[in-house]
Amino acid sequence: MAGISRFRMSFRALAWVGGLIVFVFCVAVTPFILNLVAPKALDWGRLSDISQSYGAVSLVISAAALLGVVTSIAFQAKQARIEGEQTFRAAHRELTMVTLGDSALLRCWEPPRIPMTEARWKQAIVTNLIVSMWASDHHLGRLNDGALRVVLRAHFRGEVARVHWENSGPMWRDHMGALEDPQRLRFVEIVDEVYSDARDAGPPVSDRDFFSPGE
């Protein structure tokens with residue numbers, strides 16, 4: 001799918017550039033064509049005066065063509081950024097799944113900052129994957145500040161979610177601060193804010209209270 005998307009973007013950009021080249025070529029050869037087909041007694045001075053009235057139209061058309069090229073390039077840049085984020089997310093998800101399948105590989109990641117069991121550490125790793133997904137969506141504009149707060153309020157009702165942020169929050173703050181990206185820093189600020197509100201509101205829903213007992 002990514003290859004098809006890149007092909008479509010490239011085709012669209014080439015179409016714009018090709019159209020601009022054809023337009024410029026037509027403008028350039030028009031005087032020569034007119035000179036060949038016009039009658040000998042034609043008053044070129046009068047035609048020149050008339051043609052000047054179309055200068056503004058020509059300028060608008062040229063500006064529109066240039067705007068189309070610029071828009072296409074900007075669109076390609078945005079799509080490339082989205083594809084890069086998706087590729088990174090897929091690699092991160094695959095690496096996480098491999099780690100969870102072999103307990104020995106848990107030692108390949110950083111150790112927990114706060115004491116916890118191996119089972120809880122696995123839960124924290126999966127939770128980190130979820131938070132990373134929201135961070136990516138927020139950075140790409142698919143999740144605005146208001147929507148992010150909504151999902152985080154529900155998220156921090158759970159015990160594992162709070163344990164994860166208590167453990168990993170400082171690393172997220174350091175990492176996003178090092179990137180010096182205002183949008184990413186904004187994400188961490190919102191997570192900290194909602195986490196603090198949830199903690200002040202009372203204890204979380206524990207693991208054992210997540211689901212009703214079966215029949």
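Three helices, α3 (55-100), α4 and α6 (159-179), each supply at least two residues to the lining of the largest pocket. Helices here are DSSP runs (H or I) of at least four residues, numbered from the N terminus. The model is predicted: local features need pLDDT of at least 70, side-chain atom pairs count only at pLDDT 80 or more, and totals for linings use all residues. Residues are numbered from 1 along each chain, and side-chain values use heavy atoms, without hydrogens or water.

Start with the pocket. It holds about 560 Å³ of space. Of its 23 lining residues, F88, H92, N128, S132 and W172 are the closest to the centre. A pocket is an open set of points on a 1 Å grid where a 1.4 Å probe fits, with protein on both sides within 12 Å along at least five of seven lines; lining residues have an atom within 4 Å of a point. Helix α4 gives the most to this lining, eight residues. The lining divides into eleven nonpolar, eight polar and four charged residues.

Now follow α4 to its contact with α5. Helix α4 spans residues 118-139 and α5 spans 145-155; their axes come within 10 Å and cross at roughly 170°. The two helices are therefore roughly antiparallel, a label for angles over 145 degrees. The crossing is right-handed.

Which residues of α4 and α5 meet? From α4 come T127, V131, W134 and H138; from α5 come D145, L148, V151, L152 and H155. Contact means heavy atoms within 4.5 Å. The residues of this contact divide into five nonpolar, three polar and one charged.

Notes
Axes are lines fitted to C-alpha atoms, for helices over the stretch in contact, and angles run from 0 to 180 degrees between N-to-C directions. Angles under 35 degrees count as roughly parallel, over 145 as roughly antiparallel, 65 to 115 as roughly perpendicular and the rest as oblique. A crossing is left-handed if the near helix is turned anticlockwise from the far one by less than a right angle, and right-handed if clockwise. Ala, Val, Leu, Ile, Met, Phe, Trp, Tyr, Cys and Pro count as nonpolar, Asp, Glu, Lys and Arg as charged, and the others, Gly among them, as polar. Grid points are joined across faces, edges and corners, and a volume is the space filled by probe spheres set on the points.
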